[in-house]
Amino acid sequence: MIEATSCGGVVIFRGKILLLYKNYRNKYEGWVLPKGTVEEGEDYKETASREVLEETGVNAAIIKYVGKSQYTFSIPDDTVTKEVHWYLMMSDNYYSKPQWEEYFVDSGYYKFHEAYHLLKFSNEKQILELAYDEYLRLKKSNLWGNKKYF
């Protein structure tokens, strides 16, 4: 068994959530949240920020740690157990540019209910719910977008 750690972000701008669409060799891969593998010498926040920037072109500010998800998948001759650490993040505009090298062919910001139904993986749906609840709590308290908060 191989253990791997990734970090990612639930990026929000004006109440909408940033998603990526992956299409590998014309095979439907689905809509996902941006995330990627921790590199040597990086902490989890640095990884989350870097991966969001690399995969979406968005330089988002980290607001708060949301939680982690876990899943396993098979590769030839082994099984990978992956742990993903997620952050609520804020963008300052609707710009995004999917990373073609990683087979992301589309990206965009979606309302919560659209994003929830577009997401392929149930563990990412759960993280989206946690992150969006926190976003609504911060917004209600007039802390969302307040530079003093983060």
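Predicted model: local features only at pLDDT ≥ 70, side-chain atom pairs only at ≥ 80, totals over all residues.

Visitor: Which residues have the most contacts inside the largest nonpolar core?

Guide: They are Val10, Ile12, Ile17, Leu19, Leu33, Leu88 and Trp144, in a core of 22 residues.

Visitor: And which elements give two or more residues to this core?

Guide: Strands S1 (2-13), S2 (16-24), S5 (61-75) and S6 (78-90), along with helix H3 (122-140). H3 gives the most, with six residues.

Visitor: What is Trp144 in contact with, leaving aside neighbours within four places in sequence?

Guide: Its contacts are Ile12, Ile63, Leu88, Met89, Met90, Tyr135, Leu138 and Lys139.

Visitor: New topic: is Thr47 buried or exposed?

Guide: Thr47 is buried, because its relative accessible area is 0%, under the 20% cut-off. Thr47 sits in helix H1 (residues 44-56).

Visitor: What does Thr47 touch, not counting residues up to four places away?

Guide: Cys7, Gly36, Thr37, Val38, Glu39 and Glu42.

Visitor: Back to the strands. How many bridges join S2 to S7?

Guide: Six, and S2 runs antiparallel to S7 (residues 104-110). Leu19 stands opposite Gly108 there.

Visitor: In what sense do S1 and S2 pair?

Guide: Antiparallel, over two bridges, with Ile12 opposite Ile17. These strands form a hairpin with two residues between them, and Arg14 in the turn has a positive phi of about 50°.

Visitor: Which residue takes a positive phi in the hairpin of S2 and S3?

Guide: Arg25, near 50°. S2 and S3 (residues 27-32) pair antiparallel over five bridges, and Tyr24 has Lys27 as its bridge partner.

Note on methods
Residues numbered from 1 in each chain as written. Heavy atoms only, no water. Core = buried A, V, L, I, M, F, W, Y, C linked by side-chain atoms within 4.5 Å. Buried < 20%, exposed > 50% of the residue type's maximum accessible area, 1.4 Å probe, protein only. Helix = DSSP H or I, 4+ residues; strand = E, 2+ residues; numbered from the N terminus. Contact = heavy atoms within 4.5 Å. Pairing = 2+ DSSP bridges.
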